[in-house]
Amino acid sequence: METYKNNRQLVLHFLKGSKRFFALSLTFATLVSLFDMISPKIISFTVDSVIGDKAPEVPRIAELLIERLGGIGALKAHPLFIACAVAAIGALAALSRFLFRTMNARGAETFVCTMREELFSHIMYLPYAWHEKNSTGDIIQRCTSDVQTIKRFVSEQMVQLIRTIIMITMAIIFMAGIHPRVFLGSAVFIPVIIGYSLVFHSKIGGAFEKVDAEEGRLSAIVQENLTGVRVVRAFGREMYERERFEKQNTYYTGFWIHLMQLMSAYWASADVLTGLQVLTVIALGSYACINGTMTAGGFIAMTSYNIMLMWPVRQLGRVISEMSKAGISIERLRYIMNSEKEADRPDAKEPPMDRDIVFDHVSFVYPGGSGEVLHDVSFTVPAGKTIGILGGTGSGKSTLMGLLTRLYELPPEDGKITVGGVDIADIKAAYLRKNIGIVLQEPYLFSRTLSENIGIADDADMKAIRRAARAASIDDAITSFTAGYDTFVGERGVTLSGGQKQRTAIAQMLVRHSPVMIFDDSLSAVDAETDMKIRAALPETTGSATVILIAHRITTLMNADNIIVLDKGRIRESGTHEELLKMNGLYRRIYDLQTAGMEEGE
Amino acid sequence: MKEEEKNIKLPFYGIPRLFPYIKPYRGRMVVMVLLGAATSAIDAAYPLFNRYALDHFIGEQTLNGIVIFIMAYVALLIGQAVMNYVSAFACGKLEMTVNKDLRNAAFNHLQTLSFSYYNQNSVGYIHARVMSDTGLIGESVSWRLMNIVWSGSYVLGVLIVMLFIDIRLAACILVLVPAAVLLMMYFQKKILKYNRLIREINSKITGSYNEGITGAKSIKVLGIEEKMKTDFKAETREMKKTSVREAHVSALFISTVTMLSSVTLAIVLWQGGQLTLANAMRIGTLSVFMSYALEMLDPIQGIIETLAGLAAIQVNIERLTRLLTEKSDVADSEEVIAKYGDMFEPKKENWEELYGDVEFRDVSFRYPDGDEYVLEHFNLKVPQGTNIAIVGETGAGKSTLVNLVCRFFEPTKGQVLIDGRDVRERSQLWLHSNIGYVLQSPHLFSGTIRENLRYGRPDATDEEIMEALRLVSAEQVLLKMDKGLDSEVGEGGSQLSTGEKQLISFARAILADPRILVLDEATSSIDTVTEKAIQNAIDTVIRGRTSFVIAHRLSTIVDADVILVVKDGRIISRGTHAELMKEKGYYYELYTRQYEELLWGEG
């Protein structure tokens with residue numbers, strides 16, 4: 001797998017496809033600066049040679065153009081020509097500006113699009129253990145706000161940095177061209193202004209982190225108060241909460257006010273600095289004009305360039321100090337991109353799956369966990385047969401299925417699971433899961449319509465979807481919704497009851513016609529009557545598939561060809577329903593308990 | 001989020017609703033506005049220095065008066081800097097103070113609202129009102145206002161200078177302004193529309209990440225990684241397309257505005273050039289107009305942007321003021337407040353002792369957001385010291401009775417009596433000060449263990465605290481913490497395990513020495529040692545107290561004086577354990593299921 005050794009590598013990787021847009025955008029940015037520099041030149045020429053009588057000093061092209069128009073005299077008679085030139089240069093500048101911005105946006109959006117897609121697809125293929133280890137909120141944060149930070153870093157801060165450098169260079173060329181010494185007099189301010197802003201912004205950066213932390217604390221108080229409203233009320237501690245909140249609120253606000261004071265002081269003092277620079281240009285310029293080393297037009301051009309330069313120079317310190325923050329965000333994405341994806345062995349196979357499934361001395365400890373969840377479990381699920389696994393909470397029954405579908409990898413020294421004699425570790429994971437249909441204990445519905453949810457695994461057609469829904473006894477419920485199969489479910493849709501969710505998940509599994517089907521406690525939230533109906537329909541819908549039924553309710557699995565009683569990760573008993581009843585063990589006691597309630601209770 | 005809220009329109013952008021919160025800072029605002037306006041007006045005056053330099057020093061080839069010129073310039077700079085500092089700081093302070101006041105007001109008001117408000121609004125929604133709406137509103141009344149002042153006074157200053165120095169040229173520029181304003185408004189509207197669209201797609205993308213991560217298990221077993229990827233790709237492509245389109249519009253906008261500036265400059269050069277050639281105008285004046293031509297559109301654009309921003313903030317003003325004016329449907333009457341005090345100023349001297357008799361008298365109840373009665377003509381006497389167990393499945397509505405006893409809700413009809421008097425005759429705080437509450441998912445507050453334990457009784461001594469911990473055998477929790485009672489528990493008690501949090505919350509309830517105890521037992525599986533400790537804690541805590549236990553543990557159920565069986569929100573039977581078992585009904589079923597869980601792992 002590709003790993004990214006440093007932040008630069010990762011950013012360059014994400015930049016594939018967007019580099020050319022950024023290159024174009026910077027080219028146009030250069031043109032913008034260039035055209036922006038030309039108007040003051042025209043004005044300077046107008047003041048000196050059209051309004052004044054100085055011999056024009058213009059480039060060859062302009063000279064030719066003036067001759068075509070009829071010489072300086074014609075310009076004096078018709079200043080409209082000059083206005084047209086200014087407007088034309090303005091139009092060119094506007095066009096370049098438009099192209100610069102659109103190219104930059106294309107670059108930025110392509111870049112961010114690549115980042116999002118790469119992250120998402122990487123996350124899709126990370127092992128399930130990774131998902132369990134990392135918190136959802138944190139990963140989403142990385143994929144959203146860190147992505148934005150990096151986007152700003154590349155498409156705004158970097159670009160602005162380069163633009164400012166281009167602009168300063170041009171201004172140096174143009175200003176020094178007019179009068180080197182006046183320029184030098186004003187140029188001494190540039191490093192001072194940049195330095196001042198850089199020092200201020202990097203100093204205040206720490207204060208901003210502090211104020212963020214304080215805001216987090218205040219926000220946490222509100223959050224705790226809201227989620228703990230029952231406790232607050234029941235203990236009558238509203239007053240205490242109020243004091244706690246007001247104290248932190250005042251502290252946080254005070255901190256901000258202090259920051260505001262610093263920033264106001266910075267702005268005002270930076271204004272003085274830039275003002276002094278402008279004054280220097282005016283004073284030195286006036287002196288040069290009286291000296292005869294500079295013209296009035298040159299003076300006007302010089303002051304215009306100076307103003308153009310001021311803003312980007314003032315921003316530079318802030319931009320540079322903000323850029324340093326991007327490193328942390330890139331680091332956070334690198335963590336995701338460097339996490340190892342699920343990988344098949346190089347010679348992974350796709351063997352037939354309608355074979356015996358054998359659990360061979362399987363023991364298991366969850367990664368990072370301490371206790372054994374499974375201990376030396378061995379049993380066989382004969383092809384085409386139905387097997388039941390009965391177990392209480394924490395018996396390890398779901399873990400067995402997690403191992404069979406390779407959501408968790410079984411270390412080789414802890415036993416093995418085979419299908420038709422092939423170790424599942426040697427089978428392609430995607431192939432394995434495609435052929436093992438499983439209804440999870442806590443089914444997850446996607447924010448889509450019901451029909452899309454049921455048919456999600458292999459784009460089944462409507463007929464197949466309805467057939468599966470009927471077998472799962474959910475068809476009636478679905479058709480009773482106004483939008484029927486087009487009803488939107490999930491986070492932003494209709495909320496289904498636990499039983500409805502389970503039945504939808506069953507339909508979702510049945511539609512796939514996998515050779516192996518697993519029901520992981522998937523009828524627990526369904527009432528007894530529906531449970532019976534689904535069970536009755538099962539043999540027909542599952543056909544020749546190998547079926548594993550996991551349940552805590554005996555009625556769900558009593559008809560299985562073989563039943564395994566799993567307790568605390570060990571097999572306690574096994575056999576058919578009748579055999580198990582005869583054993584008079586745990587199975588029998590549970591059966592008695594469950595049936596006693598049924599017979600007389602309902 | 002409801003769609004119609006987005007397009008809300010209030011008179012004057014809803015600002016008048018905020019007057020009560022701004023009023024205390026009138027003085028500061030006047031200073032801020034006046035000095036801010038002066039600062040910008042000075043900005044408008046700077047080109048006049050250029051003019052003087054051009055026409056006087058350069059035009060007349062003399063350095064006469066340059067010292068005064070420099071001194072005046074520096075003096076103006078410094079004067080402006082001081083005013084700028086004072087007004088910007090005043091503005092920042094105003095923003096933060098208004099934020100603070102609004103947050104306090106919202107938070108304090110929330111403390112008085114009843115549970116029906118909390119049931120109808122999600123924590124996230126309320127949290128956003130307190131933490132983010134307040135910030136946006138504070139920003140509006142300070143910086144947005146300031147922006148309008150700055151830009152407005154600059155434009156005004158420019159206008160005055162222009163009219164003074166040359167009315168003909170001023171007229172040439174001014175005809176362009178209305179066209180510019182219309183153009184800007186048009187673009188602004190378009191951009192706002194795109195931005196809304198982008199936000200929508202963005203939340204879809206976040207939703208997809210969420211689904212891709214929380215649904216990982218399903219995605220893997222269904223083998224639909226590729227499909228999820230493709231669908232996600234469609235969303236990001238949509239986002240890219242829309243964002244690029246938005247960028248085109250705003251790039252066109254910006255280029256058009258700069259183009260307009262160039263056109264203005266061209267007109268100034270054309271008309272001004274003629275005037276200057278005819279010696280009707282001096283070069284200095286021309287240069288002033290050229291500066292204005294380039295710099296006047298920015299502040300106009302600023303004003304339009306600010307107004308658009310204000311329009312967008314109306315929703316937040318509406319939502320926050322709605323929260324602030326929300327009336328609680330459980331409130332103490334004026335007479336009660338007069339005698340017993342309110343939540344923040346209790347009159348403890350008038351509080352009677354609470355003995356512990358509870359009675360439901362012909363109570364009918366319906367949740368404010370529900371349309372079915374969950375209790376009808378319900379009668380139950382609970383003499384002091386009685387232990388009531390409430391059993392039923394998750395989500396069956398077991399909390400209803402508890403909600404009524406705690407007066408989190410009031411009966412729709414009928415009465416709940418405490419010591420023979422209607423619960424509404426005395427203050428909520430009085431009642432709550434006598435109730436101990438242990439939640440199924442124990443809720444601790446960030447702070448030290450001591451602070452958490454004292455939650456129910458702020459004046460408890462360390463000895464009393466240790467005694468309470470001993471009673472529920474929770475000293476073991478302290479042992480693993482390095483600073484004992486001073487150890488921080490983290491946000492929501494994150495430093496502790498669920499079992500440990502349970503024990504601490506039992507100790508907290510005991511320490512409060514309540515007359516009535518409400519207990520929502522945990523169903524979550526915890527290790528056997530803690531399980532045993534919790535069982536002992538429950539036994540200790542309920543002894544001698546009137547208690548309502550939402551019960552899951554067999555022992556609690558078996559020993560209860562009265563068991564209420566709840567199904568689908570209603571109480572379907574009541575009696576002692578023996579009586580209910582004899583009925584062989586729903587209770588029997590629930591009980592055997594519990595018992596069965598005990599069989600597992602027995603040997």
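**Close-up views of a two-chain predicted model**

**View 1. Chain B, from its elements to its overall spread.** Chain B holds 23 helices and 10 strands (DSSP runs numbered from the N terminus, H or I of at least four residues for helices and E of at least two for strands). With a radius of gyration of 35 Å, well over the 25 Å that the globule rule gives for 603 residues, chain B is more spread out than a compact globule; the radius is taken over C-alpha atoms, and the rule is 2.2 Å times the number of residues to the power 0.38. Along the principal axes, the C-alpha atoms of chain B fill a box of roughly 115 × 65 × 50 Å.

A note before we go on: this is a predicted model, in which local features need pLDDT of at least 70 and side-chain atom pairs count only at pLDDT 80 or more, while totals for chains, interfaces and linings use all residues. Residues are numbered from 1 along each chain as its sequence is written, and chains are lettered from A and ligands numbered from 1 in the order in which they are written.

**View 2. Chain A, taken as a whole.** Here you will find 22 helices and 10 strands. The radius of gyration of chain A is 37 Å, well over the 25 Å that the globule rule gives for 602 residues, so chain A is more spread out than a compact globule. Its C-alpha atoms fill a box of roughly 120 × 65 × 55 Å along the principal axes. Of the 602 residues in chain A, 44% are buried (20 or more other C-beta atoms within 10 Å of the residue's own, with C-beta atoms placed from the backbone).

**View 3. Where chain A meets chain B.** In this view, 118 residues of chain A are in contact with 120 residues of chain B (C-beta atoms, placed from the backbone, within 7 Å). Helix α11 (residues 238–291) of chain A gives the largest share of the side that touches chain B, 30 residues.

**View 4. An open sheet in chain A.** Four strands of chain A line up in the order β2-β1-β4-β5, with antiparallel pairing (strands pair if DSSP finds at least two bridges between them). The edge strands, each pairing on one side only, are β2 (372–381) and β5 (422–423) of chain A. Strand β4 (residues 416–419) of chain A joins β5(A) over two bridges, and Val419(A) stands opposite Val422(A) in β5(A).

**View 5. Helix α3 of chain A and the glycine after it.** Helix α3 (residues 60–69) of chain A is hardly covered, with one buried residue among its 10. Gly70(A) follows α3(A) and has a positive phi, near 110°.

Note on methods: Contact = placed C-beta atoms within 7 Å. Buried ≥ 20, exposed ≤ 12 C-beta atoms within 10 Å, placed from the backbone.
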